[in-house]
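Welcome, and thanks for taking a look. Here is a short briefing on charged pairs, the nonpolar core and a surface patch.

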Amino acid sequence: HQMSTCRIAATPDHGVTNIDGKVFGTDHLYVADASLCPTATGVNPMITVMGLARHVSQRLTENRS
């Protein structure tokens, strides 16, 4: 998997998605995988990826209410 290809950022100038994993400038498009990481790591990021996916899914659930 490619890491850091859709980084989380505060603004579109610094990344592809906002803190909730939503892609800037689009509707209903979210990222919830290793591409949200700020940089590629030298180790297996399994726990980090699981945490990112959980965060994005929780935010999606909260926003639907």
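A salt bridge here is a side-chain nitrogen of Lys or Arg within 4 Å of a carboxyl oxygen of Asp or Glu. By that rule, the count comes to 2 salt bridges. Please keep in mind that this is a predicted model.

**Salt bridges**

- Asp-20 pairs with Arg-59 in a salt bridge, and their closest N and O atoms are 2.7 Å apart.
- This pair ties together distant parts of the chain: Asp-20 sits in the segment before α1 and Arg-59 in helix α1, 39 residues apart.
- Arg-59 also forms a salt bridge with Glu-62, where the closest N and O atoms are 3.0 Å apart.
- Both Arg-59 and Glu-62 belong to helix α1, and they are 3 residues apart, about one turn of the helix.
- Through shared partners, the salt bridges join Asp-20, Arg-59 and Glu-62 into one network.

**How covered are the charged residues?**

- Asp-20 counts as buried because its relative accessibility is 13%, and buried means under 20%.
- Arg-59 has 28% relative accessibility, so it counts as partly exposed.
- Glu-62 is likewise partly exposed, with a relative accessible area of 47%.

**Nonpolar core**

- The largest nonpolar core has 8 residues, namely Met-3, Val-23, Val-31, Ala-34, Leu-36, Cys-37, Leu-52 and Val-56.
- Val-56, a member of this core, lies in helix α1 and is buried, with a relative accessible area of 2%.
- Beyond its neighbours within four places in sequence, Val-56 is in contact with Asp-20, Gly-21, Tyr-30, Val-31, Ala-32 and Leu-36; Asp-20 in that list is also the salt-bridge partner of Arg-59.
- Cys-37, another core member, is in contact with Met-3, Ser-4, Arg-7, Thr-48 and Leu-52, again leaving aside neighbours within four places in sequence.
- For a sense of distance, the C-alpha atoms of Val-56 and Arg-7 are separated by 13 Å, while the two residues are 49 residues apart along the chain.

**Surface patch**

- Met-46, Ile-47 and Met-50 make up a nonpolar patch on the surface, and together they have about 350 Å² of accessible area.
- Ile-47 is found in helix α1, which covers residues 46-64.
- Ile-47 has a relative accessible area of 63%, so it counts as exposed, the cut-off being over 50%.

How values were computed:
Residues numbered from 1 in each chain as written. Predicted model: local features only at pLDDT ≥ 70, side-chain atom pairs only at ≥ 80, totals over all residues. Heavy atoms only, no water. Patch = residues over 30% accessible without salt bridge, like charges linked within 9 Å, V, L, I, M, F, W, Y side chains within 5 Å. Areas by Shrake-Rupley, 256 points an atom, 1.4 Å probe, with all protein chains shown as cover. Helix = DSSP H or I, 4+ residues; strand = E, 2+ residues; numbered from the N terminus. Buried < 20%, exposed > 50% of the residue type's maximum accessible area, 1.4 Å probe, protein only. Core = buried A, V, L, I, M, F, W, Y, C linked by side-chain atoms within 4.5 Å. Contact = heavy atoms within 4.5 Å.
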